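Welcome! Take a moment to look over the sequence and the fold shown here, and then let us walk through them together.

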Amino acid sequence: MKPSPYETLRRRPDFLAANSALRAPMPGFVLLARPRGDGDPVRRLGITVTKKIGNAVVRNRVKRRFRALGRELMPAFGIAGADHVLIARAGGVESDFAKLRADLEKALRKLAQRAGEA
């Protein structure tokens, strides 16, 4: 099995800390990124899909799509040493995968640029 290009956020305090970080709202999701400042270059990704999005089948489909996008884009565009959180919006369910990919790449680039300024 191939190693993941990122680690997964699992603890609630990590998600809460990312909530006060850099934001990039997009039509299908909101991307949050918080540089940890611990010297560890590992990128971490957490995905949040609330019940407002749909039933369990729909929520799991959205999570699968976001995980696939994370595997593809996090190594190239994610901020090293940062926690990233993807919060699904209702528009992300119907969105074309290529559109979601372009939006996530754009959001990651925007946050990386802003993190470099800080």
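## A covered strand, β3

Strand β3, residues 29–35, is mostly covered, with five of its seven residues buried. Buried stands for under 20% relative accessible area, exposed for over 50%, and partly exposed for what lies in between (1.4 Å probe, protein chains only). Strands here are DSSP runs of E with at least two residues, helices are runs of H or I with at least four residues, and both are numbered from the N terminus.

This is a predicted model, in which local features need pLDDT of at least 70 and side-chain atom pairs count only at pLDDT 80 or more, while totals for chains, interfaces and linings use all residues. Residues are numbered from 1 along each chain as its sequence is written, and side-chain values use heavy atoms, leaving out hydrogens and water.

## The partners of β3

Two strands pair if DSSP finds at least two bridges between them. Strand β2 (residues 22–25) pairs with β3 in the antiparallel sense over four bridges, and the two form a hairpin with three residues between them. To find this pairing in the model, look for proline 25, whose bridge partner in β3 is valine 30.

β3 also pairs with strand β5 (residues 82–88), again in the antiparallel sense, over seven bridges. Along this pairing, leucine 32 stands opposite valine 85 in β5, and arginine 34 has aspartate 83 of β5 as its bridge partner.

## β5 and its other neighbour

Six of the seven residues of β5 are buried, so this strand is largely enclosed by the rest of the structure. β5 pairs with β4 as well, in the parallel sense over five bridges. Here arginine 44 stands opposite aspartate 83 in β5.

Strand β4 covers residues 44–48 and pairs with β1 in the parallel sense over two bridges. Arginine 44 turns up again in this pairing, as the bridge partner of glutamate 7.

## The sheet as a whole

In what order do the five strands lie in the sheet? They form an open sheet in the order β1-β4-β5-β3-β2, with mixed pairing. The edge strands are β1 (7–8) and β2, each of which pairs on one side only.

Threonine 50 sits in the loop between β4 and α2 (56–77). This threonine is partly exposed, with a relative accessible area of 37%. Threonine 50 and isoleucine 87 are 37 residues apart along the chain, and their C-alpha atoms are separated by 8.4 Å.

## The whole protein

Stepping back, the protein has four helices and five strands. From the N terminus on, they run β-α-β-β-β-α-β-α-α. The radius of gyration, taken over C-alpha atoms, is 13 Å, close to the 13 Å from the globule rule (2.2 Å times the number of residues to the power 0.38) for 118 residues, so the protein is as compact as a globular protein of that length. Its C-alpha atoms fill a box of roughly 40 × 30 × 25 Å along the principal axes.

Of the 118 residues, 39% count as buried. Among contacts (heavy atoms within 4.5 Å) between residues at least 6 apart in sequence, 82% join residues at least 24 apart.
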